[in-house]
Amino acid sequence: MSLRHGFKAEANRLAVQVRAELGLHPTSPLAPALLAEHLAIPVETFSSAIAYDELVGRLLTTECEAVSAVTVHAGPRRAIWVNDSHDLERQNSSAHHEIAHALLMHPPGPALDIRGCRHWDGEIEEEADWLAGNLLITNEAAWSIARRGTSPEEAMLQYGVSKPMLTWRMNMSGARARRVRSAS
Ligand SMILES: [Zn+2]
């Protein structure tokens, strides 16, 4: 599965544009809660729903451990539910993934199958993953990390991302290649 032509550039433009709307620099970290608020999308946690929603409760158990976040649609309104039993880096990534679906105006699909597990559509999931990466670390941010020689640990903390996410964004933005070239 490959992303449609031009999507990668479009995703980075969008990630820079929403920062501008929030008065943030293109290289700034962007908390999903801040962006969700800007877009008027409520963000809830799985644990806050356990008491009264058995289905959501089940998502936290071994039955469907892989679910990180879901978007619940009610007509034109949507709400994002994040699995807060996961570590913060993963919650940031999952929340931005769900926000990306909203920014890309992906149509709501059957979010959960009969067993309460996630229903996947390869193309829109790949787009949401890609945009989520840009929302976390824009190309400009990755280039800045490379230019300043920020350590991975520092960058992970600053942008609220895991090591694999940082590595992926440094590779995909071309920042790693720049750093290697400038060091040689
Ligand atoms: Zn998704």
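1. Leaving aside neighbours within four places in sequence, His96 is in contact (heavy atoms within 4.5 Å) with Leu30, Ala31, Pro32, Leu35, Ala132, Leu135 and Leu136. His96 is found in helix 5, where helices are DSSP runs of H or I with at least four residues, numbered from the N terminus. With a relative accessible area of 0%, His96 is buried; buried means under 20% relative accessible area, exposed over 50%, and partly exposed in between, with a 1.4 Å probe and protein chains only.

2. On the basis of these remarks: this is a predicted model, in which local features need pLDDT of at least 70 and side-chain atom pairs count only at pLDDT 80 or more, while totals for chains, interfaces and linings use all residues. Residues are numbered from 1 along each chain as its sequence is written, and side-chain values use heavy atoms, with hydrogens and water left out.

3. The zinc ion is coordinated by NE2 of His97, NE2 of His101 and OE of Glu125, at 2.0 to 2.1 Å, and the spacing of these donor residues in sequence is H-x3-H-x23-E. His97 lies in helix 5 (residues 88–103) and Glu125 in helix 6 (residues 122–136), so the pair ties together parts that are 28 residues apart in sequence. Both His97 and Glu125 are buried. Donors are N, O and S atoms within 2.8 Å of the metal (3.2 Å for Na, K and Ca), and because water is not among the atoms, sites may look incomplete.

4. For helix 6 itself, the 15 residues should span 21 Å at 1.5 Å a residue, and the end C-alpha atoms are 21 Å apart, which agrees; the expected span is 1.5 Å times one less than the number of residues. The buried residues of helix 6 include Glu125, Glu127, Trp130 and Asn134, and the buried residues of this helix pack against helix 1 (7–21), helix 2 (32–38), helix 5, helix 7 (139–148), helix 8 (152–159) and helix 9.

5. The structure holds 1 aromatic pair. Trp130 and Trp168 form this pair edge-to-face, at 5.3 Å centre to centre and with 80° between the planes; Trp130 is in helix 6 and Trp168 in helix 9 (residues 163–172), so that distant parts of the chain, 38 residues apart, are linked. Rings of Phe, Tyr and Trp (its six-membered ring) pair if their centres lie within 6.5 Å, and planes under 30 degrees apart count as stacked, over 60 as edge-to-face and the rest as tilted. Trp130 counts as buried at 9% relative accessibility, whereas Trp168, at 28%, counts as partly exposed.

6. There are 2 salt bridges in the structure, each defined as a side-chain nitrogen of Lys or Arg within 4 Å of a carboxyl oxygen of Asp or Glu. Arg4 forms one with Glu10, with the closest N and O atoms 3.2 Å apart, and the side chains of Arg4 and Glu127 meet in another at 3.4 Å, N to O. Glu127 lies in helix 6 and Arg4 in the segment before helix 1, so the latter pair ties together parts that are 123 residues apart in sequence. Through shared partners, these salt bridges join Arg4, Glu10 and Glu127 into one network. Glu127 counts as buried at 6% relative accessibility, whereas Arg4 is partly exposed at 38% and Glu10 is partly exposed at 29%.

Terms used:
Helices (H or I, at least four residues) and strands (E, at least two) are DSSP runs, numbered from the N terminus.
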